[in-house]
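Dear colleague,

Please find below the structure that I am passing on to you, together with its sequence. My notes on it follow directly after.

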Amino acid sequence: MATFEMWWDCPRCGADKLLGKTHRYCPSCGAPQEASARYFPPQHLATEVTDHRFVGADVVCSGCDTPCSAAAAHCPSCGAPMGDDDALAARVADRPPPPAVNPPKPRPRWLVPLLSAVGGLLVLGVFAAVITAFWTTTITVTVAGVQWERAVEVERFQTVSDASWCDSTPSDARGVSSTRKQRSTRSVPDGQTCTTSRSDNGDGTYSTSESCTTNYREEPVYDQWCTYQVDRWRTDHWDRATGSDQHPRWPAPA
């Protein structure tokens, strides 16, 4: 973890990019630093603080609103004694900029009539469904004909070709041959992605810390794929019986 100086701009003379720890007063006009004016500099322009001794966040003098070191007994600007009534200096949060919000696109002129028409059709559909559900009538029907069909699946114990991973090959398999084939994938560490966050110490400096997450890439995992022959029950044919009478029956399998 490293420590760097915050920046601030003088509100009196407009001098900018002043160092939060080094320039307690504006070197151009002598105006005291304002804690609320501090901000984080670009990382590539940051000034590192060596041998920094952190004694706590600055305390704002209640007499002249000047931020003073937490170790100071008197305000260096007005000389007032520092006490428990003095508030801590405000800290700056290192927040990313909010995401841009795209303005809503105007609706096409034809969309409103279309939505109105669709809404009307939905209302008519619901009304028709309600009428259909509660409107009953009695009718007389006559059966014009009957048609039925029954089927029986006939299996045969026969030799078939099959395949599976070699560690799942059945014990009665024969004529086994194997090839190399991708079975799955695995995640392999592949470097890291690191981000640096900044924390305002409240005394004109800020500290940086780095957090990293591991990146992964997918690699194929290969295994042996076996093909073989095995005896199994399989469908040979279907025996069917059909008719147009009112006495359905099962076929006699051959």
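How many bridges join strand 5 to strand 7, and in which sense do the two run? Two bridges join strand 5 (residues 59-60) to strand 7, and the strands run antiparallel. Strands here are DSSP runs of E of at least two residues, numbered from the N terminus, and two strands pair if DSSP finds at least two bridges between them.

Before the remaining findings, a note on the basis of the work. This is a predicted model, in which local features need pLDDT of at least 70 and side-chain atom pairs count only at pLDDT 80 or more, while totals for chains, interfaces and linings use all residues. Residues are numbered from 1 along each chain as its sequence is written, and side-chain values use heavy atoms, with hydrogens and water left out.

Elsewhere, strand 1 pairs with strand 10 in the antiparallel sense over four bridges, and Ala 2 lies opposite Thr 208 in strand 10.

A salt bridge is a side-chain nitrogen of Lys or Arg within 4 Å of a carboxyl oxygen of Asp or Glu. Arg 186 forms one with Glu 219, the closest N and O atoms being 3.8 Å apart; this pair connects strand 9 to strand 10 across 33 residues. Arg 217 forms one with Asp 190 at 3.6 Å, and the side chains of Arg 217 and Glu 219 meet at 2.8 Å, N to O. By this rule the count comes to twelve salt bridges.

Asp 203, in the loop between strand 9 (174-200) and strand 10 (205-243), is buried (under 20% relative accessible area, 1.4 Å probe, protein chains only) yet has no salt bridge. The nearest side chain of opposite charge, Lys 21, is 5.7 Å away. A polar contact (N or O atoms within 3.5 Å, one able to donate a hydrogen and the other to accept it) of 2.6 Å joins the side chains of Asp 203 and Thr 205.

With kind regards

Notes
Buried means under 20% relative accessible area, exposed over 50%, partly exposed in between (1.4 Å probe, protein chains only). Lys and Arg count as positive and Asp and Glu as negative; His and the chain ends are not counted.
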